[in-house]
Amino acid sequence: MIENGKIPAWFWAIGIFALLWNGLGVAAYAAEVLMSAEDFAQLSEAEQQLYANRPYWASAAFAVAVIGGFMGSVMLLLRRAIAVRLFLLSLIAVLVQFSSYFILDGYLEYISKAGWFMPISIPVLALGFLLFARWAKKKSLLD
């Protein structure tokens, strides 16, 4: 798959996109964890209730999802086969995290107002990054 010993430019483009996307996830997690009481008070009542009632395991899954995805992206760009396992870990954590949304009272009403872009794009891209890493490993683009 490697022509003239060069990795195709699209491989690097996908890897950089994965890194940026997962970097945004890490930033979102950090913003949530570091949210001040003043910032929390600025949230709508529905958002405050969702944060207050979210189980600890869902917050932990959020951390694992974004850190696993970010590290998977780094390993993809370093062309390491462990990227496949890290993206798998991230996808599993995303599914665990998002499963909590369906058991939280009020989440579906909140998301119907806020939009479905992120709740759909996050698991789709997590799956896409895993499939891409698996494909890259099969084609010997990862060591």
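Contact here means heavy atoms within 4.5 Å. Welcome to this predicted model, in which local features need pLDDT of at least 70, side-chain atom pairs count only at pLDDT 80 or more, and totals for chains, interfaces and linings use all residues. Residues are numbered from 1 along each chain as its sequence is written, and side-chain values use heavy atoms, leaving out hydrogens and water.

- Glu-32 lies in helix α1; helices are DSSP runs of H or I with at least four residues, numbered from the N terminus.
- Glu-32 counts as buried because its relative accessibility is 17%, buried being under 20% relative accessible area, exposed over 50% and partly exposed in between (1.4 Å probe, protein chains only).
- Beyond its neighbours within four places in sequence, Glu-32 is in contact with Tyr-51, Arg-54 and Phe-62.
- Ala-13 also belongs to helix α1, which covers residues 9–33, and with 45% relative accessibility Ala-13 counts as partly exposed.
- The C-alpha atoms of Ala-13 and Leu-77 are separated by 9.7 Å, while the two residues are 64 residues apart along the chain.

**Helices α5 and α7**

- Helix α5 (residues 82–101) packs with helix α7 (residues 117–138) at an angle of about 160°, their axes being 9 Å apart; axes are lines fitted to C-alpha atoms over the stretch in contact, and angles run from 0 to 180 degrees between N-to-C directions.
- The two helices, α5 and α7, are therefore roughly antiparallel to each other, a term for angles over 145 degrees.
- Among the residues making this contact are Phe-87 and Leu-91 of α5 and Ile-122 and Leu-130 of α7.

Note on methods:
Angles under 35 degrees count as roughly parallel, over 145 as roughly antiparallel, 65 to 115 as roughly perpendicular and the rest as oblique.
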